[in-house]
Amino acid sequence: MKLDLITKKENQTTQQEIIAKIRDLINLKNLEPGDKLPSERMLSEKFEVSRSNVRDAIQKLEFYGILKSIAQSGTFIANIRRIAINGMIDDILRLDEPDFKSLVETRILLELKTVKLAALRRTDEDIKNIEAALNAYTQKVLAGEDAVQEDLLFHLAIAKACGNSTINTFMLTITPEIISYFNSMPVCDENQQITAIKEHEAIFAAIKNQDPQEGKLKMKEHFKVLYKFCYDKS
């Protein structure tokens with residue numbers, strides 16, 4: 001499994017730009033509830049982006065109840081006045097730009113709960129998946145290769161083992177950007193990566209032994225460097 005973190009970030013940036021342009025279009029054209037937006041094709045040509053990017057942006061605005069798409073008819077402004085739409089879209093754009101410290105705090109809170117649940121709920125299949133991710137990370141680090149993806153997959157395997165689909169989704173959303181950013185910094189040197197192997201092994205052992213308190217303790221130790229790095233930057 002390969003996750004293209006750079007592409008993901010670029011797509012998010014493009015989506016934000018399209019959402020902002022849709023807001024500007026609503027204001028420029030004085031569109032009111034029930035008015036129809038131009039087609040995806042027309043918007044993609046106007047904004048000079050792909051139709052799939054436009055579609056993703058529209059779907060996000062639909063999720064928040066700002067737009068409403070009707071099959072064979074098009075996309076319409078929902079029953080919300082323009083002033084409220086502007087405020088809602090501003091909030092949506094801010095939600096998509098969390099600061100690094102907020103991401104780290106959220107991740108730590110999630111993972112401390114996740115590892116406890118994983119220790120209580122893990123199946124034999126989960127153990128195999130976590131161990132496979134741990135081994136892949138170890139091999140990459142010892143070979144002196146980039147192990148960002150394998151680090152991510154180890155933590156996502158734990159999230160899956162916790163048996164909570166919502167937590168799993170949150171982890172999948174916020175963890176890639178944090179790990180990518182952290183591993184690109186000078187603080188993440190070879191010695192730190194070797195230490196991380198031992199920390200991963202301790203976390204895995206706690207989950208395998210179904211010891212939630214030990215799992216939480218080892219996860220907290222694992223996050224010490226990330227937490228210090230985050231607050232040293234603030």
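Helix H7 is mostly covered, with twelve of its 14 residues buried (under 20% relative accessible area; exposed is over 50% and partly exposed is in between, using a 1.4 Å probe and protein chains only). Do keep in mind that this is a predicted model, where local features need pLDDT of at least 70, side-chain atom pairs count only at pLDDT 80 or more, and totals for chains, interfaces and linings use all residues. Residues are numbered from 1 along each chain as its sequence is written, and side-chain values use heavy atoms, leaving out hydrogens and water.

**Helix H7**
- Helices here are DSSP runs (H or I, at least four residues), as are strands (E, at least two), numbered from the N terminus.
- The buried residues of H7 include Leu 152, Phe 154 and Ile 158.
- After H7 comes Gly 163, with a positive phi near 75 degrees.

**Salt bridges**
- The count comes to ten salt bridges (a side-chain nitrogen of Lys or Arg within 4 Å of a carboxyl oxygen of Asp or Glu).
- Asp 90 and Arg 23 meet in one of them, at 2.7 Å from N to O.
- This pair links distant parts of the chain, with Asp 90 in helix H4 (residues 82-95) and Arg 23 in helix H1 (residues 5-28), 67 residues apart.
- Arg 23 is buried at 18% relative accessible area, while Asp 90 is partly exposed at 30%.
- A network of salt bridges links Arg 23, Asp 24 and Asp 90.
- Glu 45 bridges to Arg 41, with the closest N and O atoms 3.4 Å apart.
- Glu 45 and Arg 41 are about one helical turn apart because they sit four residues apart in helix H2.
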